[in-house]
Each structure stands twice: as structure tokens, then as C-alpha cells.
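User: I'm new to this structure and would like a friendly tour. Please take me through it one step at a time.

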Amino acid sequence: MNADVPWHLFDPIAYVEHNYRDMWAEDAEILRIVRDHFVGHFRNRDVGRITGIDVGAGANLYPALSMLPWCDEITLLEHSSANVRYLESQVDSYDTNWDQFWNALCEHETYGSLGLDPRDRFRRVVKVRQGSIFDLSRHEGQWSVGTMFFVAESMTDLYEEFTWGVERFMRTLAPGAPFAAAFMAHSKGLQVDGHSFPACDVGESEVRASLEPFVHDFKVQRLQDAACVRDGYAGMILAHGWRRNAEAGNPAV
């Protein structure tokens, strides 16, 4: 279970070195899809103050970077104390390896034309918060846009906790909020610096079933790039769409 895992032993430096020192093709594909999704939602839209959340941010900044142009505030929610320290160290001026991810976002004319200094904006809008995904029930409908990358299936080996994690994430979003969520397909777990961390074995059907009560007009897809970042999984799954106005089977709110 998630509560039994020694998350404080997770080594974010080793994780970043392996996964994000260079940009893998899978991440480039994710960035392209998520970027286009958010541009389609926010471009030419007057929606007032926008707040974003990246649930289980870990040692990955690119979900926050994908929301950066649109948000007045972004919360990076993270449970592991080691990952929290890493995220806090990145707020004032993040490491240069993250530039390639921002540059990939800027390949779209909308991102590229905004003329942002991404480090300055990151410093001004990003807030790191230590907390558990399971505590999010107190914040239903709070955020205008959200991401959750490699979290729900990578924090437990129990399917029930996987579905709870997806539900907690989706319920944090306001009706109509755009979202993006990524999952490791059929993961066998993760080794970081000699420590083992759990995984729940899910595929596209399980991801779709976990999201369906909470979303509308959404897509679940297996990424096309075949190369694996590490051993022990069968590819990456990306879901994106919008939070529905009410759960399936309930009256609209």
C-alpha cells in the first residue's frame, strides 16, 4: 500500500539524471499533445484568474512548464520529503536540463509568441506544497487546470488505491477544467538508487475506466514511440480532456 512505502528514500537527483537529463521521445510526444490541448482550451479565452495543480509532481517540472503561460498560480503537490526539497530548490532558477522541455513547448507558435522569461514566471507563480493525493478531498473543484504524470499507478500496487488516486485528482478540478494525465502501462515497479517502489499493473482500459465517471470529451492513447526509458513497463499512456460538470449518473451541477 502507498502508506507502507518509504517515500523519503526516493532519490530525485538520480531519478532526474536517468529520466530527464535528456528529453526522451516519449516526453516530446507527451509535451506536443498536452501543449496543443492547453492551447486549444486557453487561447483567445477570457477566463479570469487561472490556478493550476500538478498532483504528485515528483522530480518532474515539465507538467508545470506546460501550464506556465496560462496560470496565475501553480501548486506542485508532492508527498515525498526528498522530492519536496528538490522542487523547492528549482523554484528560484530551475536547472538547465529543463530548458529543452520549455523549448519543445515553444515550438508551438502560441507558446513561442508569448515572449515569456520562463524562469522568472516560474519563480512568481509556482508554489511547492507537501501533501498526499489522498488529502485532496478537502479541495474539490479548486483548480482551473491540472496534470498528474506517472502518479496514480506508481504509488501503490493496489488497484483500489490507483482508482482512488485518479478520483482525488479529478475531483480537485473545477467543472470544465482541462487536464492531462500520464501513466506507465503494465509497470512492474521502479528502482531508484537501489530502492524499490511499487506499481499497479494498468493498461488503457483501466485508465479509461478510472476516468470515465469524471470527464467528458476525453482521449486515452498509447504513445507511439517504442523505446523504453527503463525496464519493467510496456509503454506510456496519455489521457487528456475536460472535467465534466457532474459525475456520471448524477444530475448536472
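User: How many helices and strands are there in the protein?
Analyst: This is a predicted model, in which local features need pLDDT of at least 70, side-chain atom pairs count only at pLDDT 80 or more, and totals for chains, interfaces and linings use all residues. Residues are numbered from 1 along each chain as its sequence is written, and side-chain values use heavy atoms, with hydrogens and water left out. Helices (H or I, at least four residues) and strands (E, at least two) are DSSP runs, numbered from the N terminus. On that basis, the protein has nine helices and nine strands.

User: What share of the residues of the protein count as buried?
Analyst: Buried means under 20% relative accessible area, exposed over 50%, and partly exposed in between, using a 1.4 Å probe and protein chains only. The protein has 253 residues, and the share that counts as buried is 55%.

User: Which residues have the most contacts inside the largest nonpolar core?
Analyst: In soluble globular proteins, nonpolar side chains tend to be buried together. A nonpolar core here is a set of buried Ala, Val, Leu, Ile, Met, Phe, Trp, Tyr and Cys residues joined through side-chain atoms within 4.5 Å. The largest one has 45 residues, and those with the most contacts inside it are I30 and W98. Its largest share, seven residues, comes from helix 2 (residues 25-42).

User: Which residues is I30 in contact with, leaving aside its neighbours within four places in sequence?
Analyst: Contact means heavy atoms within 4.5 Å. With those sequence neighbours set aside, the partners of I30 are Y62, F149, F150, A182, L223, M236 and L238.

User: Is F150 buried or exposed?
Analyst: F150 sits in the loop between strand 4 (145-149) and helix 8. Although not a glycine, F150 has a positive phi of about 60 degrees. Its relative accessible area is 12%, so F150 is buried.

User: And D217, is that residue buried or exposed?
Analyst: D217 is found in strand 8. Its phi is near 50 degrees, a positive value in a residue other than glycine. With a relative accessible area of 57%, D217 is exposed.

User: How are helix 1 and helix 4 oriented to each other?
Analyst: Axes are lines fitted to C-alpha atoms, for helices over the stretch in contact, and angles run from 0 to 180 degrees between N-to-C directions. Helix 1 (residues 12-19) and helix 4 (residues 81-91) pack with their axes 9 Å apart, at an angle of about 65 degrees. Angles under 35 degrees count as roughly parallel, over 145 as roughly antiparallel, 65 to 115 as roughly perpendicular and the rest as oblique. Helix 1 and helix 4 are therefore roughly perpendicular.

User: Which residues in helix 4 meet helix 1?
Analyst: From helix 1, the residues involved are P12, I13 and V16. On the helix 4 side, they meet A82, N83 and Y86.

User: How far apart in space are Y20 and N97, C-alpha to C-alpha?
Analyst: Y20 lies in the loop between helix 1 and helix 2, and it is buried, with a relative accessible area of 3%. Y20 and N97 are 77 residues apart in sequence, yet their C-alpha separation is 7.2 Å.

User: What separation do the C-alpha atoms of W102 and L31 have?
Analyst: W102 lies in helix 5 (residues 99-105) and counts as buried at 7% relative accessibility. Not counting residues up to four places away in sequence, W102 touches L65, L68, P69, Y111, L116 and P118. W102 and L31 are 71 residues apart along the chain, and their C-alpha atoms are separated by 9.2 Å.

User: Within what arc do the buried residues of helix 7 fall?
Analyst: The buried residues of helix 7 (residues 118-125) are P118, R119, R121, F122 and V125. The arc is that of the directions from the helix axis to the C-beta atoms. Seen down the axis of helix 7, these residues line one face of the helix, because they fall within an arc of 165 degrees.
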